[in-house]
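Welcome! Please take a moment with the sequence and the 3D view below, and then we can walk through them together.

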Amino acid sequence: MGKLLRDPLFRRFVSASFFAGAFVWVAVSYFGVELDVVWVFLTLSFVFVGAMVVAGLLLAPVVRRFNSKPPLLARLSEEMASEDAEQVNPGEPSDRSS
């Protein structure tokens, strides 16, 4: 139990839940927001997040197919490394320590 309480992910979840509850409480009690409006907002939030999860699951194979090539940054670093290798004269030692 002590290890669970020290886990940063668990602590973020607990603090986020607490602050979300406080936000709803302040909205309902101080600003006169009806509780039905809060429930509709909460329900539609879950529907939206669920739809994004489903969209991600459906689009993941398409994205994976386009990502079969190495990323652009990896290709650039390979090109820069090959250019650096061409610029260094192999007959003379390079003095890069200074």
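The paragraphs below go from the overall fold to a pocket and then to a surface patch.

This is a predicted model, in which local features need pLDDT of at least 70, side-chain atom pairs count only at pLDDT 80 or more, and totals for chains, interfaces and linings use all residues. Residues are numbered from 1 along each chain as its sequence is written, and side-chain values use heavy atoms, with hydrogens and water left out.

Let us begin with the fold. The protein chain has four helices and zero strands, where helices (H or I, at least four residues) and strands (E, at least two) are DSSP runs numbered from the N terminus. Of its 98 residues, 2% count as buried, meaning under 20% relative accessible area, while exposed means over 50% and partly exposed lies in between (1.4 Å probe, protein chains only).

Next, look at the patch. Val54, Leu58, Leu59, Val62, Val63 and Phe66 form a nonpolar patch on the surface, with about 620 Å² of accessible area together. Patches are made of residues with over 30% relative accessible area and no salt bridge: like charges are joined within 9 Å, nonpolar side chains (Val, Leu, Ile, Met, Phe, Trp, Tyr) within 5 Å. A salt bridge is a side-chain nitrogen of Lys or Arg within 4 Å of a carboxyl oxygen of Asp or Glu, and areas come from the Shrake-Rupley method with a 1.4 Å probe, where for residues only the protein chains shown count as cover.Within it, phenylalanine 66 is found in helix H3 (residues 35-66) and, at 66% relative accessibility, counts as exposed. H3 also gives the largest pocket the largest share of its lining, eight residues.
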